[in-house]
Amino acid sequence: MDSTILTAVIMLGVLAVVLAAVLYIVAQKFKVVEDERIDGTESILPGANCGGCGYTGCRAFAETLVKTDDISGMFCPVGGNAIMTKIAEYLNKTIESKDSETAVVRCAGSCENRQRINEFDGATSCAVMAATYSGDTDCPYGCLGKGDCVSVCNFGAIYINSTTMLPEVDEDKCTACGSCVKACPKLIIELRKKGPKSRRIYVSCINKDKGAVARKACKVACIGCAACRKACTFESIIIENFLAYIDPNKCRLCRKCVEVCPTGSITELNFPPRKPKIEVQEQKQDNVNSETITN
Amino acid sequence: MIKTFKKGGVHPHENKISRNAALEQLIPEGIIRIFLSQHIGAPAECIVAKGDKIKTGQLIAKANGFVSANVHSSVSGTVLGIENIADYQGIKKPAICIQVEGDEWEESIDRSDEINRDLSKTSEDILAKITEAGLVGLGGATFPTHVKLTVPKGKTAKAIIINGAECEPYLTSDHRVMLEHGEELLIGVQLLKKAVNVDKAYIGIETNKQDAIDNLKKIAEKYSGIEIVSLKPKYPQGGEKQLIKSITGLEVPDRALPIETGCIVSNICTTFAVYEAVQKNKPLFENSVTITGKNLKAQKNFIVRVGTPLSQLINATGGMPENTGKIISGGPMMGRAISNLEAPTLKGSGAVLFIASDEARRGTKSNCIRCSKCVSACPMGLQPFLLYKLAELNMLEELKDNSVHACIECGCCLYTCPANLPLVDYIRLGKTRAMKHIVKPK
Amino acid sequence: MNKLIISPSPHVHGEFSTKRLMRDVIIALLPALLVSFYFFGLEAVKVVCVSVSSCVVFEYLIQRFLLETTPAIHDLSAIVTGLLLAFNLPSNLPCWIIVAGSLVAIGVGKMVFGGLGNNPFNPALVGRVFLLIARPVEMTTWPLPLTLVTPDATTGATPLAIIKEGLKNGLTIDEIKASSDYTFSYFETLYGQIGGSLGEISAIALLLGFGYLLVRKVITWHIPITIFLSVVIFSGTLHLINPDRFIDPVFHLLTGGMILGAVYMATDYVTSPMTHKGMIVFAAGIGIITILIRTFGSYPEGMSFAILFMNALVPLINKYMKPKLFGEIK
């Protein structure tokens with residue numbers, strides 16, 4: 001009996017030693033030498049793996065950050081300036097600080113503003129819908145509302161408003177990773193500067209048709225009338241193909257353009273309420289504004 | 001012997017309810033719009049200006065490069081200019097607008113009913129005529145015919161195959177052409193044979209058009225080297241690769257062109273257009289269009305001028321039925337739904353199909369039960385259930401590994417799916433994305 | 001005018017729907033169901049009712065309250081599972097055991113994986129095997145068909161179990177057959193005059209259903225026929241080597257739920273391979289493993305285990321048995 005136990009103990013003991021030796025040798029032989037700063041950098045990064053930096057994930061970005069000498073052009077939109085400064089300190093490299101950005105939806109064609117003229121019955125996907133035809137309204141540029149932007153967002157920062165059927169961005173959650181910008185087949189979503197106190201003004205329309213055509217398709221379409229350009233004192237508005245675009249770098253947030261827009265296609269966000277006189281005009285705007293203004 | 005292809009395929013209800021309606025001319029009124037791009041390849045270049053008076057059959061836009069096609073006016077009248085016009089799907093493209101004034105044809109076009117049996121033209125002459133007439137494949141893909149007939153260096157053509165399968169349900173325009181213009185069609189086949197220097201031609205016709213088979217067989221006795229092949233009705237027999245497989249038993253290798261098997265495939269209407277272009281000097285500005293639908297007052301097979309507004313076609317059949325749910329350009333399996341009723345017809349518009357609202361909607365989507373019916377139905381030997389999932393998740397590398405490029409978008413998978421999954425919707429999307437996707441070097 | 005509907009092609013749909021496929025399976029099971037009612041009487045009706053209703057109820061409850069999805073019991077798949085489970089049970093099983101089996105079949109066999117279409121194992125078989133392991137005595141006490149019941153014998157073993165027992169005692173097959181109550185004639189096994197679970201007894205009724213499924217294109221021939229062939233070839237070889245020790249292939253085919261398993265359980269869409277090639281490999285595996293268990297294992301019947309085992313290999317089969325691409329270059 002004793003010898004049985006003894007044999008077992010010896011056998012297992014020898015086996016343990018032999019296997020441990022094999023493991024040790026293999027581990028030594030195939031050891032991968034890696035810059036430990038990669039691990040360090042990765043631990044600073046937010047770990048969202050969203051691809052917003054242009055690399056396949058935080059690990060890949062960390063490797064690139066360590067290996068490249070000049071990292072000034074690289075940016076982690078999720079971590080923002082704070083994280084990038086930390087990384088720069090950690091790696092002893094210099095970075096450029098960037099204005100923090102957020103996604104804006106440049107379409108205000110809600111069910112009320114834009115008549116649905118047909119019904120889509122294919123797969124619930126904007127990409128499939130866009131490949132099939134111009135869309136379920138007269139505006140071939142507008143939002144299709146099937147939520148491709150929602151399904152790609154890793155942060156739950158964009159959702160479809162069930163009354164307007166348009167996507168809305170939750171600015172606090174949005175990290176400006178750009179996934180939704182890439183996912184939108186109509187190129188409606190744009191990353192814009194967050195602005196001071198999150199105040200922003202942008203044209204919420206990308207319809208490039210002539211004014212009459214655009215207006216017929218959607219009540220809040222930009223008709224390219226150039227009233228905003230005339231009103232702007234900072235030359236920040238460009239009109240091309242019957243469509244106005246506000247350059248965020250030049251805009252001083254004076255709100256004059258918003259007042260003069262005849263169709264109400266310029267959206268202002270997070271501004272304090274105006275004096276009563278002007279509020280009458282404001283009601284024309286879609287409810288995105290009225291909601292956020294009261295915040 | 002009745003032939004068919006082996007792998008996959010489905011057989012939807014044929015519904016060829018317009019088969020007995022003889023071809024009728026439809027002359028457009030008012031303003032017609034002719035797109036500059038009615039073919040695969042570069043859009044044609046406009047050569048007329050606002051205010052120009054033009055005749056029917058006059059060249060109005062010139063081919064821009066080799067893979068492109070001439071565009072001719074389908075009416076006589078005054079040019080109103082070039083505008084961006086929404087097509088069937090509401091997508092805007094440049095088109096020449098013409099105010100119709102009478103119907104005065106170019107003098108060079110032979111308008112007599114007499115059949116021109118003269119086959120003395122040389123290969124170069126025939127090709128030149130085809131190029132000049134702006135011929136494109138009328139089976140749906142609208143690939144310029146002269147490009148197709150130009151055999152690439154190092155390859156040899158052995159046979160011409162004419163696609164008379166018309167495997168899509170409802171469609172009957174090819175059928176009518178085979179019945180009413182049998183002899184012209186066979187002369188067209190002889191011309192095609194001569195153009196590519198082969199002495200064998202097959203015309204594959206599904207047995208649901210037995211009258212067309214009998215008619216052509218009778219006429220073919222007069223012409224050498226044309227064989228009429230009876231095919232068992234099965235969709236997608238009219239697919240180029242499937243048709244070659246059915247008739248010759250040869251498989252077009254993966255990623256290769258049909259010429260690899262020595263076959264050049266042409267459509268019935270295209271072949272008839274070849275006859276008209278070469279023998280009658282008539283460019284391609286009209287084509288046969290089936291207007292059909294179970295609720296339509298009259299089933300019609302029209303000869304329609306290119307650029308005729310869709311609404312005129314609908315009016316000519318007695319107006320749109322009350323309960324129309326969906327209008328399709330082409331057949332129900334591969335045709336595209338129409339959202340814009342004012343859009344003009346194109347060279348390649350072969351049919352307009354009205355589907356009643358109770359049949360227009362897809363069934364409710366449910367879980368995939370892995371029944372493998374899509375795998376059995378796929379004529380290309382793919383795994384649609386897998387490609388669907390991969391495309392939905394945007395996994396482009398895996399899509400490529402599973403040969404998404406081979407998908408011919410025939411829709412057999414969705415047709416057969418008991419769970420009504422939008423298989424081909426996503427596969428089509430995944431295919432487009434995977435083709436564009438280039439692997440980033442590390 | 002109403003709004004036009006726009007969708008990508010195709011714009012027509014074939015005749016198949018999940019519901020129709022499931023309904024056809026139920027119809028195909030009807031002959032065997034009636035035979036079981038005939039041979040086992042009201043007891044059988046009770047088992048079927050309890051099994052089907054508890055499967056449907058569990059499916060509804062789990063979908064409604066645990067998964068919080070819209071219950072999809074109208075696709076009839078729970079009824080199929082319930083019927084198949086009942087077919088695998090002896091008719092004298094107490095109700096609570098049936099309910100427990102249904103809960104395992106639907107809950108563990110199907111819903112934990114995400115419901116219809118996602119389960120790797122056949123739910124009915126998961127339920128059956130669970131009961132076989134948990135309550136082996138109840139699960140292997142087979143009531144005799146009403147036509148065979150005598151005042152002193154209401155239950156008996158299945159033919160395969162009798163032979164297994166006899167072989168263990170060193171008898172040859174002919175001796176076992178001679179000493180048993182059964183006549184062991186093929187004819188009786190064909191129409192169902194043998195002991196066994198509800199659905200396995202009548203080969204004719206099951207084959208009738210098989211014909212129906214083939215005509216309605218619900219299943220293809222690949223899985224059932226390959227199973228039959230591999231069973232015949234493998235057990236036939238063994239039988240030729242030693243007829244005293246190994247049962248003849250026809251007997252194998254007609255007993256122990258072979259037809260029920262091959263036609264209705266192995267062909268379950270969700271748990272069988274996607275390609276015909278794969279199906280043949282899968283089915284051959286089932287046939288061989290069944291005979292291995294029956295002749296060399298300790299269980300007299302091996303169909304359930306063989307199917308479950310091959311179910312586990314299906315993902316692997318799917319990975320390697322891809323359909324041949326049109327025009328594939330070797």
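View 1. Chain A averages a pLDDT of 86, and 93% of the residues score at least 70. The chain holds 12 helices and 9 strands. Because its radius of gyration is 27 Å, well over the 19 Å that the globule rule gives for 295 residues, chain A is more spread out than a compact globule. The C-alpha trace spans about 100 × 50 × 35 Å along its principal axes, and buried residues make up 40% of the 295 residues. Of the contacts in chain A with a separation of 6 or more, 58% are between residues 24 or more positions apart.

**View 2. The stretch of chain A formed by residues 278-295, where pLDDT stays under 50.** For this stretch the model has 23 contacts beyond four places in sequence. Where pLDDT is low, the predicted coordinates should not be read in detail.

**View 3. Strand E1 of chain A, residues 101-105, and its pairing with strand E5.**

View 4. From C-alpha to C-alpha, A:Thr233 and A:Glu168 are 30 Å apart in space, and they are 65 residues apart in sequence.

**View 5. The contact between chain A and chain C, with the strand pairing that joins the two chains.** Chain A gives 9 residues and chain C gives 6 residues to this contact, and those on the side of chain C divide into 4 nonpolar, 1 polar and 1 charged. Strand E2 (residues 118-120) of chain A and strand E1 (residues 4-6) of chain C run parallel and are joined by 3 bridges, with A:Glu119 opposite C:Ile5. In the loop between E1 and helix H1 (18-40) of chain C lies C:Pro10, which is joined to C:Ser9 by a cis peptide bond with omega of about -5 degrees.

**View 6. The open sheet of 6 strands in chain B, with mixed pairing and the order E1-E14-E13-E17-E15-E16.** The edge strands of this sheet are E1 (23-26) and E16 (336-337), each of which pairs on one side only. Strand E1 runs parallel to strand E14 (residues 300-305) of chain B, and 4 bridges join the two; the bridge partner of B:Leu26 in E14 is B:Val304. Helix H3 (residues 173-180) of chain B lies across E1, E13, E14 and E17, and runs at about 125 degrees to E13.

**View 7. Helix H1 of chain B, residues 123-132, and the elements that cover its buried residues.** The buried residues of this helix are B:Ile126, B:Leu127, B:Lys129, B:Ile130 and B:Thr131. Their cover includes helix H2 (145-148), helix H4 (182-195) and helix H7 (268-279) of chain B. Just after helix H1, B:Gly134 takes a positive phi of about 65 degrees.

**View 8. Local backbone features of chain B, at B:Asn15, B:Pro236 and B:Asn394.** B:Asn15, in the segment before E1 of chain B, has a positive phi of about 50 degrees although it is not a glycine, and it is partly exposed, with 18 other C-beta atoms within 10 Å. B:Asn394, in the loop between helix H11 (384-392) and helix H12 (396-401), has a positive phi near 60 degrees and counts as partly exposed, with 17 C-beta neighbours inside 10 Å. A cis peptide bond with omega of about -5 degrees joins B:Tyr235 and B:Pro236, and B:Pro236 lies in the loop between strand E11 (226-231) and helix H6 (240-248) of chain B.

**View 9. The contact between chain B and chain C, which takes 49 residues from chain B and 33 residues from chain C.** On the side of chain B, the elements that give two or more residues are strand E15 (324-329), strand E16, and helices H9 (357-360), H10 (373-377), H13 (412-416) and H14 (423-436). The largest share, 4 residues, comes from E15 of chain B. By class, this side has 24 nonpolar, 13 polar and 12 charged residues.

Notes: Residues are numbered from 1 along each chain as its sequence is written. Chains are lettered from A and ligands numbered from 1 in the order in which they are written. This is a predicted model: local features need pLDDT of at least 70, side-chain atom pairs count only at pLDDT 80 or more; totals for chains, interfaces and linings use all residues. Two residues are in contact if their C-beta atoms, placed from the backbone, lie within 7 Å. Ala, Val, Leu, Ile, Met, Phe, Trp, Tyr, Cys and Pro count as nonpolar, Asp, Glu, Lys and Arg as charged, and the others, Gly among them, as polar. Two strands pair if DSSP finds at least two bridges between them. Axes are lines fitted to C-alpha atoms, for helices over the stretch in contact, and angles run from 0 to 180 degrees between N-to-C directions. The radius of gyration is taken over C-alpha atoms; the globule rule is 2.2 Å times the number of residues to the power 0.38. A residue is buried if 20 or more other C-beta atoms lie within 10 Å of its own, exposed if 12 or fewer, and partly exposed in between; C-beta atoms are placed from the backbone. pLDDT is the predictor's confidence in each residue, from 0 to 100.
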